[in-house]
Amino acid sequence: MSEENPVATVAGGGLLDRRLFLKKGLVFSALALSTENALAVVNNAPRPPWTAKPGQPFSNYGQPSQYERKTIRWTMGNAMAAGNGVSCTPLQDLEGIITPSGLHFERHHNGVPEIDPAQHQLLIHGLVEQALTFNMADLQRYPMTSVLCFIECGGNSNAGWQSKPVETQVGYFHGMASCSEWTGIPLRILLAEARVKSSANWLIAEGADASLMNVSLPLDKALDDCILALYQNGERIRPENGYPLRLIAPGWEGVVNVKWLRRLHLTDQPVMARNETAKYTELLPSGKARQFSFVMEAKSLITQPSFGHKLNAKGIYQISGLAWSGRGKIIRVEVSADGGKTWAQAQLQEPVLSKCFTRFRIPWHWTGKPAVLKSRAIDETGYVQPERAELLEKQGAHGYFHYNAIVSWEVTANGSIHHVYA
Ligand SMILES: Nc1nc2c(c(=O)[nH]1)N[C@H]1C(S)=C(S)[C@@H](COP(=O)(O)O)O[C@H]1N2
Ligand SMILES: [Mo]
């Protein structure tokens with residue numbers, strides 16, 4: 001399409017009104033057929049082989065189509081310590097807001113423990129009137145609730161700190177972020193049962209993996225919206241993501257979402273663990289490091305089209321992407337097709353939930369000229385996702401964690417897509 005489909009642009013570079021998706025007669029790329037030819041397709045085409053014999057029998061646990069075998073997590077292990085590394089969610093290949101459990105990113109410090117739920121226990125102790133232990137069957141009796149939220153590693157997108165734009169697919173760059181429905185027990189219920197002493201301010205959560213990873217969490221957050229999750233997207237949590245029990249701290253950096261949870265120790269001070277001192281802190285231009293920077297600030301990125309995709313023809317495309325904020329709901333996502341000179345408002349797909357992935361979309365008429373696509377998220381606190389230069393000015397150029405700058409995709413005249421700092 002569509003030199004003959006003149007729709008008014010709402011911003012430079014061919015961005016169209018977000019409501020145009022609802023308009024009839026907008027031509028995307030389907031092959032147009034006459035009625036005669038359409039009938040011929042139905043009547044004369046050879047019958048596809050899968051309609052000629054009965055299909056496969058039932059299966060106990062469904063798997064993706066064999067044609068989708070390329071939609072996988074990219075694993076980045078550590079040659080010296082196989083269990084320490086990450087695998088990334090292929091965000092560029094997914095749609096909607098929920099990450100399939102088998103594609104949720106992974107970050108382990110010492111591998112995935114094989115925990116027998118019949119032997120696993122949770123201990124709550126320290127500054128409480130009554131220390132308690134729970135086995136998994138005990139926990140099943142408590143009232144549960146669901147939280148749909150993203151988990152994002154504080155180190156996600158850290159290639160953005162490099163001085164030259166790294167050319168790789170979205171998932172490899174930004175895929176240490178995923179979104180699930182987590183179901184479990186509000187932590188405040190269990191803390192009330194243990195009767196937390198007024199001297200308690202912190203809670204140290206510890207996992208039952210070989211790294212016994214632990215981190216400190218302010219008690220306020222624990223009492224606010226944390227849950228102890230037993231289920232992920234309806235089924236028991238996958239081993240990689242914390243089976244049989246995990247702490248969920250919505251909107252807060254991945255590391256405090258302790259997996260394989262075995263202990264909650266109530267204290268008056270943080271424990272100063274490795275992952276809140278040596279790691280997951282940010283060196284600032286002043287030379288001081290920022291510690292306990294829990295909240296993941298608003299971020300967005302265009303996943304479709306993005307690096308690795310190719311536009312094969314001029315015409316109308318749907319730009320699609322993800323936005324999220326650890327502070328609450330996304331209220332607006334703006335998209336630019338001219339490198340940030342002008343912006344248009346994208347459509348937010350319902351439901352728009354607090355601390356959850358939000359899917360945005362906007363139609364775009366690509367005329368075949370070079371363009372630079374960007375997206376910018378704004379959350380309910382009024383926070384605006386910064387341009388890269390702004391982020392560097394505030395945080396310095398030597399960061400590693402909490403990179404949330406605007407992402408720019410350059411579309412060249414031949415339709416290939418590159419990552420640029422623009
Ligand atoms: N016990 C334990 N919990 C852990 C970790 C770990 O190695 N051990 N990694 C943390 C980090 S750094 C992140 S980003 C998240 C990743 O969660 P996921 O693997 O389910 O995506 O888990 C956190 N919880
Ligand atoms: Mo992390």
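Visitor: How many cavities of 30 Å³ or more does the structure hold?
Guide: This is a predicted model, in which local features need pLDDT of at least 70 and side-chain atom pairs count only at pLDDT 80 or more, while totals for chains, interfaces and linings use all residues. Residues are numbered from 1 along each chain as its sequence is written, chains are lettered from A and ligands numbered from 1 in the order in which they are written, and side-chain values use heavy atoms, with hydrogens and water left out. A cavity is a set of points, on a 1 Å grid over the protein atoms alone, where a 1.4 Å probe fits but cannot get out, whereas a pocket is an open set with protein on both sides within 12 Å along at least five of seven lines, and lining residues have an atom within 4 Å of a point. Counted in this way, the cavities of 30 Å³ or more number 5.

Visitor: What space lies in the largest cavity, and which residues are closest to its centre?
Guide: A volume is the space filled by probe spheres set on the grid points, which are joined across faces, edges and corners, and for the largest cavity this comes to about 220 Å³. Its lining has 20 residues, and the closest to the centre are Arg107, Arg246, Gly254, Asn257 and Lys259.

Visitor: Which strand gives the largest share of the lining of the largest cavity?
Guide: Strands (E, at least two residues) and helices (H or I, at least four) are DSSP runs numbered from the N terminus. By class, this lining divides into 8 nonpolar residues, 7 polar and 5 charged, where Ala, Val, Leu, Ile, Met, Phe, Trp, Tyr, Cys and Pro count as nonpolar, Asp, Glu, Lys and Arg as charged, and the others, Gly among them, as polar. The largest share, 3 residues, comes from residues 106–108, that is, from strand S5.

Visitor: Which elements give two or more residues to the lining of the largest pocket?
Guide: The largest pocket has a volume of about 480 Å³, and its lining has 11 nonpolar, 10 polar and 3 charged residues. Of the 24 lining residues, Val86, Arg107, Asn158, Met176 and Tyr400 lie nearest the centre of this pocket. The elements that give two or more residues to its lining are strand S4 (85–88) and helix H3 (170–174).

Visitor: How many residues of the lining of the second largest pocket are charged?
Guide: The second largest pocket holds about 350 Å³ of space, and its 15 lining residues include Gln63, Pro64, Pro100, Gly102 and Leu103, which lie nearest its centre. Next to 5 nonpolar and 6 polar residues in this lining, the charged ones number 4.

Visitor: Is Ser180 buried or exposed?
Guide: Ser180 lies in strand S9 (residues 177–186), and, leaving aside neighbours within four places in sequence, it is in contact with Ile98, Thr99, His104, Val147, Leu148, Cys149, Gln232 and Asn233. Buried means under 20% relative accessible area, exposed over 50%, and partly exposed in between, with a 1.4 Å probe and protein chains only. Because the relative accessibility of Ser180 is 0%, this residue counts as buried.

Visitor: Is Asp220 buried or exposed?
Guide: Asp220 is found in helix H5 (residues 219–224), and its C-alpha is 9.6 Å from that of Leu203, which is 17 residues away in sequence. Since Asp220 has 63% relative accessibility, it counts as exposed.

Visitor: Where does Lys355, with its positive phi, lie?
Guide: Most residues other than glycine have a negative phi, and most peptide bonds are trans. Lys355 has a positive phi of about 55° although it is not a glycine, and at 15% relative accessibility it counts as buried. Its place is the loop between strand S22 (347–348) and strand S23 (358–366).

Visitor: What is the omega of the cis peptide bond from Tyr243 to Pro244?
Guide: Pro244 has its place in the loop between strand S13 (235–236) and strand S14 (246–248). The bond that joins Tyr243 to Pro244 is cis, with omega near 5°.

Definitions and conventions:
Contact means heavy atoms within 4.5 Å.
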